[in-house]
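Hello,

Here is the structure I promised to pass on. Please open it first, then read my notes on its aromatic rings below.

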Amino acid sequence: MSSGKSSLVLFHGVTMSAAAWDGVVPHLTDHHDVLAPTALGHRGGPVALDRPVKVRDIVDAAERMLDERGIAKAHLAGNSLGGWMAIELALRGRALSVCALSPAGFWDGGGHGQTAAVTKLRRMVALVQLTRPIQPLALRSSVIRRLAMRDIACRADRLTPAQALAATTDLIECAVTDDVLGTEEQIASVPELPCPITLAWSEKDAILPPSVNGRIAQERFPHARFEILRGVGHVPMIDDPQLVAATILATTGAVPATTNVPAASPDADR
């Protein structure tokens with residue numbers, strides 16, 4: 001039986017899983033029926049049978065999931081690759097609104113806006129793979145959690161050791177990392193937005209900096225609402241789940257935009 005709430009679907013970033021949203025979902029369920037699937041080729045998600053996988057294949061799989069669940073349109077939110085997925089689904093007419101958190105795809109394929117991000121992500125993947133044997137012990141340290149994940153979050157020490165270890169396992173066991181990082185796809189300009197779209201960029205994003213990829217996003221989607229999320233890194237769900245939830249709910253219209261809580265300072269709670 002339907003709850004009467006509109007559906008909200010959350011898409012995670014590359015190498016991650018639905019667990020990326022665990023801290024955010026409790027802040028959303030009073031307002032929406034929330035679904036957080038794991039993407040094609042990622043740990044716990046549908047198996048990718050045809051390789052190499054393109055972003056459009058991952059979007060196709062997400063659209064099939066919506067069809068299987070009988071969801072014609074939903075509010076969509078996503079981070080990084082997930083933000084790109086949400087935008088592409090909106091362009092296919094499947095979105096009531098989109099909140100894209102530092103979305104990937106706003107680059108010129110093979111250009112600096114992509115290659116710099118890919119270089120950092122490949123370096124992070126290699127480091128995590130190399131250190132896997134010592135991670136269960138090392139990640140007990142809040143200092144090591146913060147340092148090890150500094151490219152994607154300002155305060156990864158807020159994760160528990162178990163959460164950090166699960167995130168590294170997601171990364172190591174993602175089957176499509178090389179496929180996605182090697183894509184030449186990008187998000188093209190559109191003359192008219194298919195629905196309300198918020199581009200919410202992390203102020204401290206070290207993977208897709210607002211000064212580079214955020215600027216391209218504003219150029220290609222000039223009618224989208226552009227917002228800077230203060231004090232958070234590329235995966236803002238780690239640093240400030242409440243801020244992320246408030247930003248999403250402002251986009252869906254569940255709460256007024258003026259109710260967004262301020263981002264936590266990177267040095268807060270120390």
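Trp-84 is buried, because its relative accessibility is 2% and the cut-off for buried is under 20%. Keep in mind that this is a predicted model.

Now the ring pairs. The structure holds 4 aromatic pairs. One of them joins Trp-84 and Trp-107. Their centres are 5.6 Å apart, with 90 degrees between the planes. That makes the pair edge-to-face. Where do the two residues sit? Trp-84 is in helix α2, residues 81-91. Trp-107 is in the loop between β4 (95-101) and α3 (112-130). The pair therefore ties together parts that are 23 residues apart in sequence. Trp-107 is buried as well, with a relative accessible area of 6%.

Next, Trp-201 and Phe-226. These two also form an aromatic pair, and this one is stacked. The distance is 6.1 Å centre to centre, and the planes are 25 degrees apart. Trp-201 belongs to strand β5 (residues 197-202). Phe-226 belongs to strand β6 (residues 225-229). So this pair ties together parts that are 25 residues apart in sequence.

Phe-226 counts as partly exposed, at 25% relative accessibility.

Last, the cluster. Which residues do ring pairs link there? Trp-201 and Phe-226 are among them, together with Phe-106 and Phe-221.

Best wishes

Key: Residues numbered from 1 in each chain as written. Predicted model: local features only at pLDDT ≥ 70, side-chain atom pairs only at ≥ 80, totals over all residues. Heavy atoms only, no water. Phe/Tyr/Trp six-rings, centres within 6.5 Å; stacked < 30°, edge-to-face > 60°. Helix = DSSP H or I, 4+ residues; strand = E, 2+ residues; numbered from the N terminus. Buried < 20%, exposed > 50% of the residue type's maximum accessible area, 1.4 Å probe, protein only.
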